[in-house]
Amino acid sequence: MTEAGMTESAESLVRDGRGAMGWAERAPMSRHFDLANQKDYLAWRDEKLARYPRSVDVLKVALGDIGCPSGEEKARITDLARRANMAIYMTTADAASLADASPEALRPAMRAFGRAFELDIAEAHRSAENEGIVAIEVADTPAKRGFIPYTTKALSWHTDGYYNQPEEAIGGMLLHCVRPASQGGVNALLDPEIAYIRLRDRSPALIAALMHPEAMSIPESVEDDGSVRPVSTGPVFIIDAECKTLTMRYTARTRSVFWRDDDETRAAVAMLNELLSEQQEPLILHYRLAAGEGLISNNVLHTRTAFENDGGIGRLLYRVRYTNRIAGT
Ligand SMILES: [Fe+2]
């Protein structure tokens, strides 16, 4: 393995700049998320587990310019997204200058970075500012007041936009750190495909329960501006028509979430809680983004620890949500 933890074959893909024929595409007819197709599932599962990064360092890719990633940088990120549905980029610009950089200069660069992976910015979020890029910081503005992401509190396991309607589920997510907290603000990260594998290996019935169209409901909520976000009822695991991609709607919170009232759903949710909240899953990775670093992902499961700000300048991350997945993954 090289410094970035790439396999030889991935390295050769990077060398020729294609990066478009990774292991995930070697079997174009693979339907590994089809519960009736155990053969494809087992072949995919074994390779997925074998290639999954065991260290967060493997996820890291250095970028010369976030606004214009090179072919080689894009190929490395795409390969990591196939292995783990995420990558961590590190901009090589001086961290101090990035931390001081005008947000207005960073936003176009972040938009360009998303476009390099053919990501489409999702619908306007209640706190979306400036073309869909949301500042995640301690804030008391009307659109953010009362919501935990905009406090210093910990965030439990979730995928982004779990309260969206299933047909508006979030496919991709970009999180860029402008300034870390003085202490805390660590993310735990897990590819939803690993959670899927653990449950399916226990019992395919657990997967079937979480694919049910009424598996998880988030009740209606009234926003500060008086608008109503309607109740959202849908599956936890959303599988595409070709049974090749998985989108997960999930929150570990226990308030304002209702689970389908049957034994298989209860067993599946209990197992997810064991894996995630009790941290029994060994492939969970932990990382505290530094200034100028970011996470690009196909909406992986994540948490945030509580944090402390030092004086007047607090933790600031920018977040973009996308309707689709990283190109080629
Ligand atoms: Fe989140």
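1. The face of helix H2 directed away from its buried side bears the exposed residues Lys39, Leu42, Asp46 and Ala50. Helices (H or I, at least four residues) and strands (E, at least two) are DSSP runs, numbered from the N terminus.

2. This is a predicted model, in which local features need pLDDT of at least 70 and side-chain atom pairs count only at pLDDT 80 or more, while totals for chains, interfaces and linings use all residues. Residues are numbered from 1 along each chain as its sequence is written.

3. The buried residues of H2 are Tyr41, Trp44 and Lys48. They lie on the same side of H2, because they cover an arc of only 75° around the axis, the arc being that of the directions from the helix axis to the C-beta atoms. An α-helix has 3.6 residues a turn, so residues three or four places apart point the same way. The buried residues of H2 pack against helix H6 (192–202).

4. Helix H2 comprises 14 residues (38–51), which should span 20 Å at 1.5 Å a residue; its end C-alpha atoms are 20 Å apart, in agreement. The expected span is 1.5 Å times one less than the number of residues.

5. Strand E16 (residues 293–297) is largely enclosed by the rest of the structure, because five of its five residues are buried. Glu293, Leu295 and Ser297 cover one side, and Gly294 and Ile296 the other.

6. E16 pairs in the antiparallel sense with strand E2 (residues 86–91) over five bridges and with strand E5 (residues 172–179) over four bridges; pairing requires that DSSP find at least two bridges between two strands. Gly294 of E16 is the bridge partner of Tyr89, and Ile296 of E16 is that of Leu174.

7. Ile296 is also among the residues that touch the most other members of the largest nonpolar core, which has 67 residues; Ala87 is another of them. A nonpolar core is a set of buried Ala, Val, Leu, Ile, Met, Phe, Trp, Tyr and Cys residues joined through C-beta atoms within 7 Å. Leaving aside neighbours within four places in sequence, Ala87 is in contact (C-beta atoms, placed from the backbone, within 7 Å) with Leu59, Val61, Ile77, Leu80, Ala81 and Ile296.

Key. Buried ≥ 20, exposed ≤ 12 C-beta atoms within 10 Å, placed from the backbone. Contact = placed C-beta atoms within 7 Å.
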